[in-house]
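Dear colleague,

I am passing the structure below on to you, and my notes on it follow. Please read them with the coordinates open.

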Amino acid sequence: MNDTMLIGLYALAAAGVVGLAGAGALRLLRGRSILVHVLVLLAVTVLAVVAGVATVAQAMFLSAHDLWVVLVTVAASAVISLAVGAVFGSRLAASAVWAQAARERERRLEAGRRELVAWVSHDLRTPLAGLRAMAEALEDRVIDDPATVDEYHRRIRIETDRMTQLVDDLFELSRINAGALHLVPTTVPLSEIVSDAIAGVAPLAASRRIRLVAADSGWPLVRAGERELTRIVSNLLINSVRYTPADGTVHIAAGREHSSVWLAVSDTCGGIPDSDLGRVFDVAFRGERARTPGTDGSGGGGLGLAIVRGLVEAHGGRVGVRNIGPGCQFEVRLPAA
């Protein structure tokens, strides 16, 4: 019994030394990846067993041959243990990283949903209150001046159109986020898409004294859904027109590089703060602009650029923004036809 206790104490002491060294190593490596921690932990466990066996073998005064046989056997087992641990440790580390990324993404989506609800609630509550007040004034005949009545009718139409656009944007964004967007890619002449988009934005640009300038040539063919591509170009143009001061210019051009097509919309908005460049495609982001839409009905719900990013990524492309000259430039890259 005394021999057994002595053997146990020898093994415990040897393994304890290795364990303390391993604890120190883990403490020094606490900033490293999960895989590194798993491998170190496995190595400490295996070395503790090896140290215990070697110490006990020495204490038992085994012959050199018998001691070598024991060490080779333990070493072989250690190699197998470390190999298996490394394989499954890497999988565990990958799963942990994926789970952490999923949690971070879920938190960002939840924060985005809360922000979206707050913005939409504001954007709906404000015009609805105005519509109610104007409708009650017309119903109760509080006003009878023809000019004022016409103005109320015009304001009701503008606010109704704006809320309709907001609902359409919300529906489009929900389709993108839910993965319910089904593209039907075709070979589309980019010049025709841009021409139609400019025609649709022209009234808003004229009311704000903004010049729309399109390149004379260089318009390639692109492989994309026609309706979705029209939405991308229109949203980019509308965004640039809204944020460009009066008497400014919005320029649009395109070209082809290898297997991709680029489309650039440049404006004279004065540039975007560097701290906001990474957020312009976020849902409901409007920079420093007030939340209340403009009186001309040109204010948006902060969803246009988020829809652009979703539609571009659905095509397998990418979109970015940078400050250039007197304003900023949005660039979209899509697969070429």
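**Domains and overall layout**

The centres of domain 1 and domain 2, taken over C-alpha atoms, are separated by 60 Å. The domain assignment of the protein places domain 1 at 3-101 and domain 2 at 183-336, with bounds that come from an automatic or database domain assignment. Please bear in mind that this is a predicted model, in which local features need pLDDT of at least 70 and side-chain atom pairs count only at pLDDT 80 or more, while totals for chains, interfaces and linings use all residues. Residues are numbered from 1 along each chain as its sequence is written, and side-chain values use heavy atoms, with hydrogens and water left out.

**Annotated transmembrane regions**

The unreviewed UniProt entry carries the annotation "transmembrane region" for residues 6-26, 38-61 and 67-88; its positions are given in the numbering used here, feature names are shortened, and annotations may be inferred rather than shown by experiment. Residues 6-26 are 100% helix and 0% strand, with end C-alpha atoms 30 Å apart, and residues 67-88 are likewise 100% helix and 0% strand, with 32 Å between the end C-alpha atoms. Helices (H or I, at least four residues) and strands (E, at least two) are DSSP runs, numbered from the N terminus.

**Helix H5 and its surroundings**

Helix H5 (residues 190-207) has 18 residues and reaches 26 Å from its first C-alpha to its last, close to the 26 Å expected at 1.5 Å a residue, the expected span being 1.5 Å times one less than the number of residues. Among the buried residues of H5 are Leu190, Ile193 and Val201, where buried means under 20% relative accessible area, exposed over 50%, and partly exposed in between (1.4 Å probe, protein chains only). The buried residues of H5 pack against partners that include strand E1 (186-189), H6 and strand E4 (249-257). Just after H5, Arg209 takes a positive phi of about 55°.

**Glu228 and the cysteines**

Glu228, found in helix H6 (residues 226-243), is buried, with a relative accessible area of 6%. Leaving aside neighbours within four places in sequence, Glu228 is in contact (heavy atoms within 4.5 Å) with Leu181, His182, Leu183, Leu311 and His315.

With a disulfide taken as a pair of cysteine sulfur atoms within 2.5 Å, the count comes to 0 disulfides. Cys269 is in no disulfide, the nearest cysteine sulfur, that of Cys328, being 3.5 Å away. Cys328 is buried, at 2% relative accessibility.

Best regards
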